[in-house]
Amino acid sequence: MAVFHTSNREETVALGRRLAAKLAPGALVAFTGGLGMGKTAFSQGIAEGLGCTDPVSSPTFAIVNYYRGPRPMAHFDLYRIHSEEDLYTAGFYEYLDEGAVVAAEWSESFAALLDAENPVRVDIRPGAGPDDREIEIEGVEL
Ligand SMILES: Nc1ncnc2c1ncn2[C@@H]1O[C@H](COP(=O)(O)OP(=O)(O)OP(=O)(O)O)[C@@H](O)[C@H]1O
Ligand SMILES: [Mg+2]
């Protein structure tokens, strides 16, 4: 486990790019952290690091956005998913089985279930100033 500090969006994106280099196919990145903490920004960095060139937007309305590339990424918002059945229906496990990197925002309510996938956990917390963030990464060495 390690804690990183960022003080603007670009630094958080850059940390995501760094993490991407360490992710195996089918890796799960489980985000926790409140509204507007930078989960989507971090996911943008992961996508960039994986070689996906499309801009990453919030999957809030779609539940999942899929990014093609040399190393594809499926980007989930679990906020409106409430059961394991809904996770299956949304294709969550298929993406993992296919070897996509799965980035999952709002993983709080699925913590126990997702443990089975050996997730990399990324928790983003407020820092001292409005743009400061404390980002705890567990499950991989950066
Ligand atoms: N250090 C920082 N890291 C990331 N984003 C930052 C930082 N400082 C300021 N920001 C701003 O905070 C916002 C983060 O938005 P983002 O959509 O990435 O967060 P989120 O956690 O995915 O939000 P949501 O809870 O809606 O899913 C952006 O407007 C970004 O510019
Ligand atoms: Mg988001």
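**Stop 1: inside a helix**

Select Ala47, which has its place in helix α2. Helices here are DSSP runs of H or I with at least four residues, strands are runs of E with at least two, and both are numbered from the N terminus. This is a predicted model, in which local features need pLDDT of at least 70 and side-chain atom pairs count only at pLDDT 80 or more, while totals for chains, interfaces and linings use all residues. Residues are numbered from 1 along each chain as its sequence is written, chains are lettered from A and ligands numbered from 1 in the order in which they are written, and side-chain values use heavy atoms, with hydrogens and water left out.

Is Ala47 buried or exposed? At 0% relative accessibility, Ala47 counts as buried. Buried means under 20% relative accessible area, exposed means over 50%, and partly exposed is in between, with a 1.4 Å probe and protein chains only. Now show the contacts of Ala47: leaving aside neighbours within four places in sequence, they are Cys52, Val56 and Met73. Contact means heavy atoms within 4.5 Å. For a distance, pick Asn8 as well: Ala47 and Asn8 are 39 residues apart in sequence and 18 Å apart in space, C-alpha to C-alpha.

**Stop 2: two helices that pack**

Two packed helices are described by the angle between their axes and the distance between the axes. Select α1 and α2, which pack at an angle of about 45 degrees with their axes 6 Å apart. The axes are lines fitted to C-alpha atoms, for helices over the stretch in contact, and angles run from 0 to 180 degrees between N-to-C directions. α1 and α2 are therefore oblique to each other. Angles under 35 degrees count as roughly parallel, over 145 as roughly antiparallel, 65 to 115 as roughly perpendicular and the rest as oblique.

To see the contact, show side chains on both helices. On α1 the residues include Val13, Gly16 and Arg17, and on α2 they include Phe42, Gly45 and Glu48.

**Stop 3: salt bridges**

Keep Arg17 and Glu48 selected. Glu48 forms a salt bridge with Arg17, and their closest N and O atoms are 2.6 Å apart. The pair links distant parts of the chain, with Glu48 in helix α2 and Arg17 in helix α1 (residues 9-20), 31 residues apart. A salt bridge is a side-chain nitrogen of Lys or Arg within 4 Å of a carboxyl oxygen of Asp or Glu.

Glu10 is partly exposed at 43% relative accessibility, Arg17 is partly exposed at 32%, and Glu48 is partly exposed at 33%.

Move to Arg121, which forms a salt bridge with Asp115, the closest N and O atoms being 2.5 Å apart. Then select Asp123, Arg125, Glu134 and Glu136, which are joined into one network by salt bridges that share partners. How many salt bridges are there by this rule? The count is six.

**Stop 4**

Thr40 is in helix α2 (residues 39-50) and Glu105 is in strand β5 (residues 101-105), so the pair ties together parts that are 65 residues apart in sequence.

Thr40 is partly exposed, with a relative accessible area of 22%, whereas Glu105 is buried, at 4%.

**Stop 5: loops**

Select Trp106, in the loop between β5 and α5 (111-114). Phi of Trp106 is near 55 degrees, a positive value in a residue other than glycine.

Asn118 is in the loop between α5 and β6 (120-126). Phi of Asn118 is near 50 degrees, again a positive value in a residue other than glycine. Asn118 counts as exposed, at 68% relative accessibility.

End at Ala100, in the loop between α4 and β5. Ala100 is buried, with a relative accessible area of 1%. Its contacts, leaving aside neighbours within four places in sequence, include Gly26, Tyr66 and Tyr95.
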